[in-house]
Amino acid sequence: EIKRLLLEGKSLTEVTYIVRPYFPDKTELQVKEKVRNVRRAMQKSEQVHPIGVFSDPHCPFHHKGYLRFLVDTFKQFKVGRVVCTGDLVDFHALSRYEKETNAMSAYDEFDAAYEAVREFIEAFPEVDYIPGNHCERYIRQAKSVGIDRRFLKSYSELFGLPKGWVVHEDELIIDGVLYIHGINWAGKDGALNAAIGNRMSTVMGHNHCYAGVKYHANSRDLIFGMNVGCGINVDAYAFAFGKHAKEKPVLGCGIVYDSHTALFIPMGEKYMKLAPLFGSWEEVSIGKEAV
């Protein structure tokens, strides 16, 4: 009866009121929780395939094993939809911050990033993409010299993203779960704080050194905050600023089943052992041929 009423589109409160007589020994809150559990089970059974989430590869400074790890992991969990929560590319050469002296030119870095993005597109023809702060570096630099955004190519045009790659301006909500890059939610509890702030289960990237799932509950609901880590080559010159940092980036991805269930999957040792694509100190010192 509960399932039938829920399928008819009735609210949690309405269903609780209707079925209350069937449970004379339970309080109203207990009946409502029972209805909520049935609804959760229905949502989980309807979503046969979970959502796979990755973030922050920072091409072309991504780890060589990261894409292989994503492909294998998403296949293992039978992922049906893929979301990227930002910073697909780095744009180190366009940063307003101090650049490394051995860095590639903006021209060469873009070419390398473009080719790397092609590999991600080939692996995942359909992706929901939420741009990160690095993705908009070229827009901020143009703005700093008075060039209006209308004169610039969009992110999709710039990297030749196919129709299957849908770019979402700031956020995306799928089945009650919020996906963001996480620019304003820093620290080890950034994802959880974002979830509490939005009162909605939230998935994000941005914070390279923190990854995992944390839960929060009140008298009304249970939500989670998940940071999916990153996919960078830690030894690339683009991340030289963190060479002496105590906390190091955590490589991995996320699997989201529903608004109450999610998993963080760290990148395993067999993928870590693969040599970085390029951009490490040793390879850059060789010159352009390494690129």
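Biologist: Where does Pro-57 sit in this model?

Modeller: Pro-57 lies in the loop between β1 (51-54) and α4 (64-76), where helices (H or I, at least four residues) and strands (E, at least two) are DSSP runs numbered from the N terminus. This is a predicted model, in which local features need pLDDT of at least 70 and side-chain atom pairs count only at pLDDT 80 or more, while totals for chains, interfaces and linings use all residues. Residues are numbered from 1 along each chain as its sequence is written, and side-chain values use heavy atoms, with hydrogens and water left out.

Biologist: Why is Pro-57 called buried?

Modeller: Buried means under 20% relative accessible area, exposed over 50%, and partly exposed in between, with a 1.4 Å probe and protein chains only; Pro-57 has 0% relative accessibility, and therefore counts as buried. Not counting residues up to four places away in sequence, Pro-57 touches residues including His-62, Tyr-66, Leu-88 and Phe-120, a contact being heavy atoms within 4.5 Å.

Biologist: What makes His-58 and Pro-60 worth a look in that loop?

Modeller: His-58, in the loop between β1 and α4, has a positive phi of about 55° although it is not a glycine, and the peptide bond from Cys-59 to Pro-60 is cis, with omega near 10°. Most residues other than glycine have a negative phi, and most peptide bonds are trans.

Biologist: How do you know that the length of helix α5 agrees with its number of residues?

Modeller: The expected span is 1.5 Å times one less than the number of residues; for the 18 residues of α5 (residues 106-123) this gives 26 Å, and because the end C-alpha atoms are 26 Å apart, the two agree. The buried residues of α5, among them Ala-113 and Phe-120, pack against β1, α4, α7 (155-159) and β4 (165-167).

Biologist: What makes a set of residues a nonpolar core?

Modeller: Such a core is a set of buried Ala, Val, Leu, Ile, Met, Phe, Trp, Tyr and Cys residues joined through side-chain atoms within 4.5 Å. The largest has 42 residues, and Phe-120 and Phe-159 are among those that touch the most other members. A second, separate core of 15 residues includes Val-228, Val-256, Ala-262 and Phe-264.
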